[in-house]
Amino acid sequence: MQGIIAEERLRPLLSSVKRPSRYIGGEWGSGPVKEGRDIVRLCYAFPDLYEVGMSYLGFQILYALTKSIEYADAERVYTPWPDMEAAMRMSGTPIWALESKRPLKDFDALGFTLQYELSYTNILTILDLAGIPFRSKDRDEDSPLILAGGIGAVAPEPLSPFIDAFMVGDGEILIPRVLKVLHETKHAKRDEKLSALSKLDGVYVPMFYNGTGKIRRQIAENLDEQFFHTSMIVPNTGIVHDRVTVQAFKGCTRGCRFCQAGMIDRPLRERSAGSLYTQTETLLEKTGWEEVGLLSLATCDWSGLPEAMEKFACALADNRIKLSLPSLRVDAFSVSLAAGLEQMRKGGLTFAPEAGTQRLRDVINKGVTDDDINAALEATFAHGWDRVKLYFMMGLPTETEDDLNGIQDICKRAVSIAKKYKKRGDVNASVAGFVPKAHTPFQWEAQASVEELRERGSRLKHSVRNKKISLSYHEPEQTFLEGVFARGDSKLADAIEEAWRRGARFDGWTEHFDFGRWSDVFRDLEIDASCYTGARDLSEVLPWDIIDTGVSREYLIREREKAMIGETTKDCREGCNGCGWQGKTKVEGCFNGKN
């Protein structure tokens with residue numbers, strides 16, 4: 001035990017860095033810290049900045065859940081910005097949890113969330129500042145267990161040498177089970193704890209995995225009956241999404257073939273409008289926030305949305321709250337709905353056509369027609385907005401030059417429609433390189449090279465002649481690296497560690513990303529990074545095959561075959577498509593073969 005880090009030791013550090021509010025804790029809604037020898041102490045660790053991590057709903061839910069368990073306690077830590085990392089190293093100060101100022105090495109476990117591949121080196125920053133060995137095999141009895149969950153846990157192998165146990169599925173289900181085991185083995189040996197965890201459904205412990213069987217993703221079936229947060233931590237400083245956030249439903253029924261979240265987060269499970277409204281009222285009262293965000297993969301698809309809007313109507317009319325819908329469908333209904341929300345009228349609307357032509361949208365099963373796009377744009381400018389933001393991808397399977405040209409055509413169409421309504425009609429188009437993800441129908445596809453993405457992005461950008469259209473594209477090198485780790489194996493752990501030792505930090509932030517550093521690491525370690533972004537054979541055993549997300553391999557292959565001939569698959573709400581979930585759960589709906 002290292003003991004609590006004294007305030008007089010922290011004060012010089014905080015006064016020497018930008019935005020010290022990131023590191024002081026004491027926010028409204030945090031704590032108090034529980035005391036007791038048998039308390040299981042879990043520190044949730046987010047591998048990115050405080051402003052990003054505090055906007056992540058998952059931490060808010062799991063923090064409150066852990067606090068609700070009598071024999072467990074939760075604290076938090078976020079990756080320090082390079083100025084604070086340097087100050088901590090200079091002074092020899094270990095990284096601390098915000099609530100108690102306790103060094104991380106004194107916890108029973110650290111729980112990392114895996115949201116984005118380019119944050120993986122930040123995990124090592126936190127471990128190193130805590131004095132915890134990087135590799136699971138090198139840790140002794142004094143080291144906390146290193147746990148990880150989130151969407152990255154469905155393709156865990158690049159991090160498997162660093163992580164003691166991965167939790168695959170909904171944290172609301174897994175965290176209580178894991179904490180119960182850690183409480184029962186509180187004073188046991190490290191290996192005994194990990195052995196006990198490995199026996200839990202949905203928990204992957206690399207050290208004890210014998211290569212047989214699969215790790216089955218765990219789901220919360222009834223969201224109204226499952227734990228949901230009625231308190232939130234209010235940040236000390238401005239964050240990315242500064243508002244009350246509640247989850248309307250889990251899953252998605254649209255079946256976009258490129259979307260990992262939509263594939264793995266099945267089946268659809270909805271909250272009732274009454275349950276969500278009661279939760280929101282409590283959160284607004286406890287936090288003082290005046291804005292509410294309804295979170296899901298496609299909020300406008302929530303069947304409870306009309307009833308919820310009725311319940312929110314009085315508060316919206318009196319301007320007591322502001323409501324935002326983070327994900328809008330590309331259709332006129334979504335725009336009309338947004339038009340009635342003051343918060344949504346402050347800026348432009350955002351839509352994601354994803355592809356420039358109907359042919360390619362059918363390939364990816366986007367479920368959006370040209371008529372839908374036109375209707376959404378017509379409604380946007382008719383309701384008074386002056387600008388829109390459009391998200392597209394390049395490098396999608398079967399993409400042609402006509403598909404790329406279609407991106408500019410949609411942008412021009414938006415400007416033309418705006419002119420008809422005598423609006424300014426500014427169009428901001430953002431084009432990201434497509435990354436094939438594990439557990440999707442495109443998991444076997446080749447990813448476009450850095451050179452191909454740069455050429456396509458540059459051609460798109462330079463073909464824009466209308467001053468009302470602003471087009472940008474994601475850095476191809478970052479897209480490439482994301483693709484490497486999205487479909488990588490455990491050999492990449494060496495590259496992650498070596499890149500970190502050479503200074504890799506915050507690779508998801510363009511100003512910190514250095515592709516040359518990664519290229520040198522791959523060369524020096526004799527790793528052919530391009531083999532991870534190449535095409536895979538359908539018969540190949542894939543590194544992530546040890547994870548069972550509930551969606552069958554046969555379904556993914558069938559969807560891939562349909563994609564190659566441009567055949568679409570209906571929305572799951574219209575009837576079961578046989579993805580593999582049917583019969584596996586008590587959840588009502590098309591997943592049991594019903595409409």
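**Entry 1. A proline and its loop**

In which loop does P267 lie? I find P267 in the loop between α8 (260-264) and β10 (269-270). I note for these element names that helices (H or I, at least four residues) and strands (E, at least two) are DSSP runs, numbered from the N terminus. The bond that joins R266 and P267 is a cis peptide bond, with omega about -5 degrees. I looked up a further cis bond, from G31 to P32, where omega is near -5 degrees. P32 is placed in the loop between α1 (7-14) and β1 (40-46).

**Entry 2. Basis of the entries**

I am reading a predicted model, in which local features need pLDDT of at least 70 and side-chain atom pairs count only at pLDDT 80 or more, while totals for chains, interfaces and linings use all residues. Residues are numbered from 1 along each chain as its sequence is written, and side-chain values use heavy atoms, with hydrogens and water left out.

**Entry 3. The whole protein**

I record 20 helices and 17 strands in the protein. Its radius of gyration is 24 Å, close to the 25 Å that the globule rule gives for 595 residues, so the protein is as compact as a globular protein of that length. The radius is taken over C-alpha atoms, and the globule rule is 2.2 Å times the number of residues to the power 0.38. The C-alpha trace spans about 70 × 60 × 55 Å along its principal axes. Of the 595 residues, 59% count as buried; buried means under 20% relative accessible area, exposed over 50%, and partly exposed in between (1.4 Å probe, protein chains only). Of the contacts between residues at least 6 apart in sequence, 75% join residues at least 24 apart, contact meaning heavy atoms within 4.5 Å.

**Entry 4. Positive phi values**

Most residues other than glycine have a negative phi, and most peptide bonds are trans. K101 lies in the loop between α4 and β3 (109-113) and counts as buried at 16% relative accessibility. F506 has a positive phi near 45 degrees and is likewise a residue other than glycine. I place F506 in the loop between α17 (492-501) and α18; F506 is buried, with a relative accessible area of 2%.

**Entry 5. T79**

Which residues does T79 touch, not counting residues up to four places away in sequence? I list F46, P47, D48, L49, N122, T125, I126 and F506. T79 is in the loop between β2 (72-78) and α4 (82-91), and counts as buried at 1% relative accessibility.

**Entry 6. D242**

Is D242 buried or partly exposed? At 35% relative accessibility, D242 counts as partly exposed. I find D242 in the loop between β7 (215-216) and β8 (244-247). Leaving aside neighbours within four places in sequence, D242 is in contact with P235, W289 and E291. D242 and G293 are 51 residues apart in sequence, and their C-alpha atoms are 9.4 Å apart in space.

**Entry 7. Helices α16 and α18**

In α16, residues E477, F480, L481, V484 and F485 meet F515, W518 and F522 of α18. I count the residues of this contact as 7 nonpolar, no polar and 1 charged; Ala, Val, Leu, Ile, Met, Phe, Trp, Tyr, Cys and Pro count as nonpolar, Asp, Glu, Lys and Arg as charged, and the others, Gly among them, as polar.
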